[in-house]
Amino acid sequence: KPVSAHKVLERAIAAARPAYQQAGVGLTLNVPEELPDVHANETRIVHVFANLLSNALKFSQPGTDVTLSVQQSDKYLEISVADQGAGISKEELLHVFDRFYRGKYEPASEGAGLGLAIAREIVEAHGGTIRATSEVGKGSVFSFTLVKVTVQTNY
(Lines give C-alpha, C1' and ligand atoms only; values in the text may rest on other atoms or scores of the structure.)
Protein backbone atom coordinates (compact mmCIF):
# COMPACT_ATOMS: atom_id res chain seq x y z
CA LYS A 1 0.00 0.00 0.00
CA PRO A 2 1.18 3.60 -0.32
CA VAL A 3 3.47 4.54 2.55
CA SER A 4 5.53 7.61 3.32
CA ALA A 5 9.16 7.08 2.31
CA HIS A 6 10.16 9.52 5.04
CA LYS A 7 8.25 7.51 7.65
CA VAL A 8 10.01 4.29 6.65
CA LEU A 9 13.40 6.03 6.72
CA GLU A 10 12.71 7.58 10.11
CA ARG A 11 11.71 4.22 11.62
CA ALA A 12 14.81 2.50 10.29
CA ILE A 13 17.17 5.27 11.39
CA ALA A 14 15.62 5.55 14.86
CA ALA A 15 16.07 1.82 15.37
CA ALA A 16 19.71 1.84 14.17
CA ARG A 17 20.98 5.07 15.73
CA PRO A 18 21.64 3.75 19.30
CA ALA A 19 23.89 0.93 18.02
CA TYR A 20 25.76 3.39 15.80
CA GLN A 21 26.28 5.78 18.71
CA GLN A 22 27.47 2.98 20.97
CA ALA A 23 29.94 1.80 18.30
CA GLY A 24 31.25 5.31 17.59
CA VAL A 25 30.21 5.13 13.93
CA GLY A 26 28.53 8.12 12.31
CA LEU A 27 25.26 7.79 10.40
CA THR A 28 25.10 10.47 7.71
CA LEU A 29 21.88 11.14 5.83
CA ASN A 30 21.77 12.40 2.26
CA VAL A 31 18.00 12.49 1.82
CA PRO A 32 15.93 15.10 -0.05
CA GLU A 33 13.36 16.99 2.02
CA GLU A 34 10.59 16.04 -0.38
CA LEU A 35 10.08 12.35 -1.09
CA PRO A 36 7.09 10.67 -2.70
CA ASP A 37 5.21 7.82 -1.13
CA VAL A 38 6.26 4.32 -2.18
CA HIS A 39 4.35 1.07 -2.64
CA ALA A 40 5.49 -1.00 0.33
CA ASN A 41 4.78 -3.16 3.29
CA GLU A 42 6.34 -0.83 5.83
CA THR A 43 7.36 -3.54 8.28
CA ARG A 44 9.10 -5.60 5.59
CA ILE A 45 10.98 -2.61 4.15
CA VAL A 46 12.11 -1.52 7.61
CA HIS A 47 13.50 -5.08 7.92
CA VAL A 48 15.55 -4.52 4.73
CA PHE A 49 16.90 -1.24 6.14
CA ALA A 50 17.70 -2.92 9.45
CA ASN A 51 19.71 -5.60 7.69
CA LEU A 52 21.67 -3.18 5.50
CA LEU A 53 22.36 -0.73 8.33
CA SER A 54 23.35 -3.56 10.68
CA ASN A 55 25.75 -5.06 8.11
CA ALA A 56 27.30 -1.66 7.39
CA LEU A 57 27.84 -1.11 11.10
CA LYS A 58 29.33 -4.57 11.58
CA PHE A 59 32.05 -3.81 9.02
CA SER A 60 32.72 -0.20 10.08
CA GLN A 61 35.44 1.02 12.40
CA PRO A 62 34.82 3.62 15.13
CA GLY A 63 35.29 7.12 13.77
CA THR A 64 34.06 6.26 10.27
CA ASP A 65 30.68 7.06 8.73
CA VAL A 66 27.91 5.10 7.08
CA THR A 67 25.92 7.18 4.59
CA LEU A 68 22.27 6.56 3.79
CA SER A 69 21.29 8.23 0.50
CA VAL A 70 18.11 8.48 -1.53
CA GLN A 71 17.89 9.28 -5.23
CA GLN A 72 14.81 9.47 -7.45
CA SER A 73 14.08 8.39 -10.98
CA ASP A 74 10.77 8.55 -12.82
CA LYS A 75 9.51 5.27 -11.38
CA TYR A 76 11.72 4.44 -8.41
CA LEU A 77 13.40 5.65 -5.26
CA GLU A 78 16.87 4.20 -4.92
CA ILE A 79 18.10 3.90 -1.37
CA SER A 80 21.81 3.30 -0.75
CA VAL A 81 23.76 2.41 2.37
CA ALA A 82 27.49 3.06 1.95
CA ASP A 83 30.17 2.11 4.46
CA GLN A 84 33.89 2.75 4.67
CA GLY A 85 34.74 -0.80 5.71
CA ALA A 86 37.19 -3.31 4.30
CA GLY A 87 35.15 -3.90 1.15
CA ILE A 88 34.20 -7.14 -0.56
CA SER A 89 36.22 -8.95 -3.22
CA LYS A 90 34.73 -9.41 -6.69
CA GLU A 91 34.46 -13.17 -6.12
CA GLU A 92 32.56 -12.74 -2.86
CA LEU A 93 30.39 -9.95 -4.25
CA LEU A 94 28.85 -12.48 -6.65
CA HIS A 95 27.48 -14.46 -3.69
CA VAL A 96 26.49 -11.91 -1.02
CA PHE A 97 22.76 -12.34 -1.77
CA ASP A 98 22.93 -16.17 -1.75
CA ARG A 99 21.24 -18.02 1.10
CA PHE A 100 23.64 -19.15 3.85
CA TYR A 101 26.58 -17.34 2.26
CA ARG A 102 29.00 -15.85 4.74
CA GLY A 103 32.03 -13.88 3.65
CA LYS A 104 35.47 -15.08 4.66
CA TYR A 105 35.98 -11.99 6.86
CA GLU A 106 32.69 -12.32 8.69
CA PRO A 107 32.95 -13.16 12.39
CA ALA A 108 32.19 -16.85 12.91
CA SER A 109 29.61 -16.29 15.63
CA GLU A 110 27.45 -13.76 13.81
CA GLY A 111 24.45 -14.64 11.66
CA ALA A 112 23.44 -17.53 9.50
CA GLY A 113 24.05 -15.92 6.13
CA LEU A 114 20.35 -15.26 5.50
CA GLY A 115 19.98 -11.51 5.98
CA LEU A 116 20.88 -10.33 2.49
CA ALA A 117 19.03 -13.22 0.83
CA ILE A 118 15.88 -12.28 2.76
CA ALA A 119 16.41 -8.59 1.94
CA ARG A 120 16.61 -9.49 -1.76
CA GLU A 121 13.39 -11.53 -1.57
CA ILE A 122 11.56 -8.67 0.15
CA VAL A 123 12.78 -6.02 -2.29
CA GLU A 124 11.97 -8.17 -5.34
CA ALA A 125 8.50 -8.94 -3.94
CA HIS A 126 7.99 -5.16 -3.88
CA GLY A 127 8.88 -4.87 -7.59
CA GLY A 128 12.34 -3.47 -6.89
CA THR A 129 15.93 -4.57 -7.28
CA ILE A 130 18.86 -4.81 -4.89
CA ARG A 131 22.56 -4.71 -5.70
CA ALA A 132 25.96 -4.32 -4.12
CA THR A 133 29.12 -2.62 -5.29
CA SER A 134 32.39 -2.68 -3.46
CA GLU A 135 36.09 -2.08 -3.68
CA VAL A 136 38.47 -3.86 -1.33
CA GLY A 137 39.93 -1.35 1.09
CA LYS A 138 37.36 1.32 0.26
CA GLY A 139 34.03 -0.01 1.52
CA SER A 140 30.74 -1.21 0.09
CA VAL A 141 27.48 0.24 -1.15
CA PHE A 142 24.22 -1.71 -0.96
CA SER A 143 21.35 -0.17 -2.92
CA PHE A 144 17.74 -1.11 -3.47
CA THR A 145 14.79 0.39 -5.30
CA LEU A 146 11.17 0.89 -4.32
CA VAL A 147 8.36 1.75 -6.70
CA LYS A 148 7.10 5.31 -6.28
CA VAL A 149 3.40 6.00 -5.94
CA THR A 150 2.34 8.05 -8.92
CA VAL A 151 -0.91 9.93 -9.26
CA GLN A 152 -3.06 8.60 -12.07
CA THR A 153 -5.14 11.22 -13.81
CA ASN A 154 -7.93 10.54 -16.28
CA TYR A 155 -8.71 13.30 -18.71
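By salt bridge I mean a side-chain nitrogen of Lys or Arg within 4 Å of a carboxyl oxygen of Asp or Glu. Arg 131 is partly exposed at 41% relative accessible area, and Glu 78 is likewise partly exposed at 24%. Here, buried stands for under 20% relative accessible area, exposed for over 50%, and partly exposed for what lies in between, with a 1.4 Å probe and protein chains only.

A word on the basis of these values. This is a predicted model, in which local features need pLDDT of at least 70 and side-chain atom pairs count only at pLDDT 80 or more, while totals for chains, interfaces and linings use all residues. Residues are numbered from 1 along each chain as its sequence is written, and side-chain values use heavy atoms, leaving out hydrogens and water.

Now the overall architecture. The protein chain holds four helices and seven strands, in the order β-α-β-β-α-β-β-α-α-β-β from the N terminus. These elements are DSSP runs numbered from the N terminus: helices are H or I with at least four residues, strands are E with at least two. Of the 155 residues, 41% count as buried. The chain exposes about 9000 Å², of which carbon and sulfur atoms supply 51%; the areas come from the Shrake-Rupley method with a 1.4 Å probe, and for residues only the protein chains shown count as cover. Taking contact as heavy atoms within 4.5 Å, 69% of the contacts between residues at least 6 apart in sequence join residues at least 24 apart.

I return to the strands by way of Ser 143, which is found in β7 (residues 139-147). Is Ser 143 buried or exposed? At 3% relative accessibility, Ser 143 is buried. The side chains of Ser 143 and Ser 80 are joined by a polar contact of 2.7 Å. A polar contact is a pair of N or O atoms within 3.5 Å; within protein, one must be able to donate a hydrogen and the other to accept it, and residues adjacent in sequence count only if both atoms are side-chain atoms.

Next, helix α2, residues 42-58. At the start of α2, a side-chain oxygen of Asn 41 comes to within 3.1 Å of the backbone nitrogen of Thr 43. Buried residues of α2 include Glu 42, Ile 45, Phe 49 and Leu 53.

Glu 42 brings us back to charge pairs. The salt bridges number four. In one of them, Arg 11 pairs with Glu 42 at 3.0 Å between the closest N and O atoms. This pair connects helix α1 (residues 5-23), which holds Arg 11, to helix α2, which holds Glu 42, across 31 residues. Arg 11 is partly exposed at 38% relative accessible area, whereas Glu 42 is buried at 15%.
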